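Please look over the sequence and the model, then read the notes below.

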Amino acid sequence: MARVPALPRWLGLAGLLPQLGCVAVLYAGPAEWRAAALALAFAYAALILSFLGGAWWGIAAAAPAAERRNALGWLWIAAVVPSLVALACFLPWALGWQWPEPSLVMLAGALLVSLGVDARLGALAPRWWMALRVPLSLGLGLLTLAAALA
């Protein structure tokens, strides 16, 4: 993380705090806060997953015109998938099925798998991109899994 500029590094790490707070409540907080902590952990993971898709969309849009036309079809598609996955994770709640643990597991998996897209960005992303994305995706993915297992 030392190669990452200070502002994105600190803001990125601060972005782990809401999920860390939810997990702390789930493992050590009052029982009456449990439902709210699960809902917030779910909403935050879904929000950040969608945010990642938006970041990828922006990277695709900022690429040189020739690359946007010829080689980035995969990235445009990948950029839309996180929002669709996040929305699909709401379906169990909307339909009255078991929720939120299975949805949290799905979101955790999606956050961890997102590193594959990040790694494939190559020269389109800043040189420090993976140094930032690895700890953040691993951190949020594992915290979301911890929420699911609480």
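The notes that follow cover the nonpolar core, a charged pair and one leucine.

This is a predicted model. Its largest nonpolar core has 42 residues, and the structure holds one salt bridge.

**Nonpolar core**

- Within the largest nonpolar core, the residues that touch the most other members are W56, L75, L104, L107 and L121.
- Two or more residues of this core come from each of α2 (17–28), α3 (34–62), α5 (73–95), α6 (101–120) and α7 (129–149).
- The element that gives the most is α3, with 13 residues.
- Not counting residues up to four places away in sequence, L75 touches W56, I59, A60, V117, L121 and L124.

**Salt bridge**

- Side chains of opposite charge can pair when their charged atoms come close.
- Here D118 and R133 meet through their side chains in a salt bridge, at 3.2 Å from N to O.
- D118 lies in helix α6 and R133 in helix α7, 15 residues apart, and the pair links distant parts of the chain.
- D118 counts as buried because its relative accessibility is 2%, under the 20% cut-off.
- R133 also counts as buried, because its relative accessibility is 8%.

**L145**

- Helix α7 is the place of L145.
- L145 has 29% relative accessibility and therefore counts as partly exposed.
- Leaving aside neighbours within four places in sequence, L145 is in contact with V105 and A108.
- Between L145 and V23 there are 9.5 Å in space, C-alpha to C-alpha, although the two are 122 residues apart in sequence.

Methods. Residues are numbered from 1 along each chain as its sequence is written. This is a predicted model: local features need pLDDT of at least 70, side-chain atom pairs count only at pLDDT 80 or more; totals for chains, interfaces and linings use all residues. Side-chain values use heavy atoms; hydrogens and water are left out. A nonpolar core is a set of buried Ala, Val, Leu, Ile, Met, Phe, Trp, Tyr and Cys residues joined through side-chain atoms within 4.5 Å. Buried means under 20% relative accessible area, exposed over 50%, partly exposed in between (1.4 Å probe, protein chains only). Helices (H or I, at least four residues) and strands (E, at least two) are DSSP runs, numbered from the N terminus. Contact means heavy atoms within 4.5 Å. A salt bridge is a side-chain nitrogen of Lys or Arg within 4 Å of a carboxyl oxygen of Asp or Glu.
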